[in-house]
Amino acid sequence: MQTSADAAHEEQPEPGASRELPWPMAARRAHRERLARDRVAQGAGATGAQWTRLIRRSKEKVREGLRSLQPWAWTLKRIGGQFGAGTESYFSLLRFLLLLNVLASVLTACMVLLPTWLEGTPPGPPAPNASSPCGSYNPGSHGLVTFATELFNLLSGEGFLEWSPLFYGFYPPRPRLTITYLCAAFAIGLLYLLLILHRSVSGLKQTLLAESEALTRYSHRVFSAWNFGLSGEVHVRLRQRLILYELQVELEEARVRRKAAVRTLGQQARLWSVRLLVNLVVLALLGAAFYGVYWATKTTVELQNKPLIQRTPVLKLVVDYLPSIFISVANFVLPPVFKLIAPLEGYTRSRQIVFILLRTVSLRLVSLLVLLVSLWSKITCGGDAEDNKCKTCGYNYQELPCWETRLGQEMYKLLLFDLLTGLAVILLIQFPRKLLCGLCPGALGRFARTQEFQVPDEVLGLIYAQTVVWVGSFFCPLLPLLNTVKFLLLFYLKKITLFSTCSPASRTFRASTVNFFFPLVLLLGLAISAVPVLYSIFLIPPSKLCGPFRGQSSIWVAIPESICKLPQMAQNFLFFLGTQAFAVPLLLISSILMAYTVALANSYGRLISELKRQIQTEAQNKVFLAQRAVALSSADRTL
């Protein structure tokens, strides 16, 4: 019977109604069962495909919803259409940094401020006559204080601000607060790292795609860059301008590459000599700036204890801001010099932007590092533990009784001075220059000329300000909140300046390059800022008269002491994570995964190269066949 059913199945490949088939009863029953199974399978497949489509559409809607929730989306689109994608990348980075500071402020409020007041009102400052083996610490102002003194205290972080939640020294030595304070610093740092890495990876994809030959440079933009879903004349014009700027970048870089391809050996040698000379000049300028920052910091520490300086508030404010003034002057004078000599090296516009950014970021970040090294040298007595000033307490308690608050004050002054400098440049230079250009059509107006938005300088200003916050947030917990207000104000000021005083750039550059390079420089700033913070946590003894870690041998000691209070099983597990038995296998597994990833990437690269070679071969074959066809047709007409 089964054989007849199989034979009937072979005779009738197309499905149909079982009762209409000239088959035995058993064969028709088997046919009905097979059709039922097929319907169930098809239904399951259709349901799976339907769920897949539903999930994909849901993801797209979520992305569109999140994109619509992003602040200033229309403003950034308008900036990109009128001034190019390079200028848009600056405002996109500013929005990203604003998000980082908002998240850091929320974590600080939850992990530092709330535990401080949940356990009771924090105690007041030490008594003026209180003393200890590590000296005395008398923060704040005593007695009647004039308005001028209060203003100077606001600008320098002293007086009523010195013993406030703004600085490290205010927080009391409570067991839970010490853990949350330290964990907040590590959690915020990890959050910064993950978000910047995510942005770097997304920018790297765009950079590799744009700088590789995977896409034909012009046809991709001409045939694939238009968005047919645009509605409205304004959106259409903005998109047209954006494509125009991208084509200008490609044409300019193609011109530079053609010029480089026809250089002779003598021209190449001359060009490399010019590049060597330019880099030597850059190194000399950077060295002079770094020495100036070191001198300004050393002079500030020496002058602060002079009686004349202490009696004169204006002189004291100038001395307090001397390192900030010198750093700001160097950052104001040298970047235009770097921009002026960059075209001499013969690179493309995008490559010039990268080199200007590298030199400017070296100036800004290393200047900050020199300032910190000078301060740490003063705190640790130059590393000499046997010095009379550091022998008793492990740090220079005579000049810096609460060295953490002093570091927070320096970062606070740097942030505040950077904001005041930016406001002064906008109000006293950029707006008057625009008025002069509009009111004076003659030679004076041509001398003032319409200014362009300098993306490298502006971006490095953002990264410098953010690095200052990363360094100082451990010693000044509310610094991310202040930086949030600063960046919010800066966004609107720069937007007004851009649309009212600036013209579109005469030379544009590739936005994909800087979209990857900006987060990379941010990572460099984060790494540089981590060094002094970790050095303070692990190696320098905390102040004995202020802060949540007073009385400890080091700030990090609070973590092992808290672990020892946990159950034995939790202690064993946490201490196991720090042993070689855990670190060595983890290192081996990581190395194997890294080697596998590199091998896989190399294989994909070879496959891509082979496919490109095949495409080129096919194109050559088609050209050859077309030429042969033309030749044969010409021969036929001749015959």
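Me: Where in the chain does Ile-325 lie?
Reply: In this predicted model, Ile-325 has its place in helix H12.

Me: Why is Ile-325 called partly exposed?
Reply: Its relative accessible area is 31%. Buried means under 20% and exposed means over 50%, so a value of 31% falls in between and Ile-325 counts as partly exposed.

Me: What makes Ile-325 part of a patch, and which residues accompany it?
Reply: Ile-325 belongs to a nonpolar patch on the surface, together with Val-314, Val-318, Val-329, Phe-332, Val-333, Val-337, Leu-427, Leu-428 and Ile-429. A patch residue needs over 30% relative accessible area, and Ile-325, at 31%, therefore passes that cut-off. The accessible area of the patch is about 870 Å² in total.

Me: Which helices supply the nonpolar patch?
Reply: At least two residues come from each of helix H11 (313–320), H12 and H14. H12 gives the largest share, with five residues.

Me: Which residues of H12 are buried?
Reply: Among them are Pro-323, Ile-327, Asn-331, Leu-334 and Phe-338.

Me: What makes Glu-458 and Lys-494 a salt bridge?
Reply: The closest N and O atoms of Glu-458 and Lys-494 are 2.9 Å apart. The limit is 4 Å between a side-chain nitrogen of Lys or Arg and a carboxyl oxygen of Asp or Glu, so this pair qualifies. Glu-458 lies in helix H16 (residues 455–472) and Lys-494 in helix H17 (residues 479–501), so the pair ties together parts that are 36 residues apart in sequence. Both Glu-458 and Lys-494 are buried.

Me: How many salt bridges are counted by this rule?
Reply: The count is five. One of them joins Glu-410 to Lys-413, with the closest N and O atoms 3.3 Å apart.

Me: Why are Glu-410 and Lys-413 separated by about one helical turn?
Reply: They stand three residues apart in helix H14 (residues 403–439), and therefore about one helical turn separates them. Glu-410 and Lys-413 are both buried.

Me: What makes Arg-613 and Glu-610 a salt bridge?
Reply: Their closest N and O atoms are 2.4 Å apart, and because the limit is 4 Å, the pair meets the rule. These two residues are three apart in helix H21 (residues 580–638), so about one helical turn lies between them.

Me: Why do Arg-613 and Glu-610 count as partly exposed?
Reply: Arg-613 has a relative accessibility of 44%, and Glu-610 has one of 31%. Both values lie between 20% and 50%, so each residue is placed in the partly exposed class.

Me: Which residues do salt bridges with shared partners join into one network?
Reply: The network consists of Arg-406, Glu-410 and Lys-413.

Me: How do you know that Ser-105 is buried?
Reply: Ser-105, found in helix H4 (residues 85–118), has a relative accessible area of 15%. This value is under 20%, so Ser-105 counts as buried. Leaving out residues up to four places away in sequence, Ser-105 touches Pro-480, Leu-481 and Thr-484.

Me: Why is Gln-70 called partly exposed?
Reply: Its relative accessibility is 37%. That value lies between the limits of 20% and 50%, so Gln-70 counts as partly exposed. Gln-70 is located in the loop between helix H2 (25–69) and helix H3 (73–83).

Me: What is the largest nonpolar core made of?
Reply: This core has 68 residues, and Leu-368, Leu-371, Trp-403, Met-411, Leu-414, Phe-474 and Phe-549 have the most contacts inside it. Several helices each supply at least two of its residues, including helix H6 (175–211), helix H9 (265–303) and helix H13 (349–379).

Me: Which residues does Phe-549 contact, apart from its neighbours within four places in sequence?
Reply: Its contacts include Tyr-168, Tyr-181, Leu-182, Phe-474 and Ile-555.

Me: Which residues belong to the second, separate core?
Reply: That core has 41 residues, including Leu-94, Ile-196, Val-361 and Ile-463.

Me: How many helices and strands does the chain contain?
Reply: The chain contains 21 helices and two strands. Of its 639 residues, 38% count as buried.

Conventions
Residues numbered from 1 in each chain as written. Predicted model: local features only at pLDDT ≥ 70, side-chain atom pairs only at ≥ 80, totals over all residues. Heavy atoms only, no water. Helix = DSSP H or I, 4+ residues; strand = E, 2+ residues; numbered from the N terminus. Buried < 20%, exposed > 50% of the residue type's maximum accessible area, 1.4 Å probe, protein only. Core = buried A, V, L, I, M, F, W, Y, C linked by side-chain atoms within 4.5 Å. Contact = heavy atoms within 4.5 Å. Patch = residues over 30% accessible without salt bridge, like charges linked within 9 Å, V, L, I, M, F, W, Y side chains within 5 Å. Areas by Shrake-Rupley, 256 points an atom, 1.4 Å probe, with all protein chains shown as cover.
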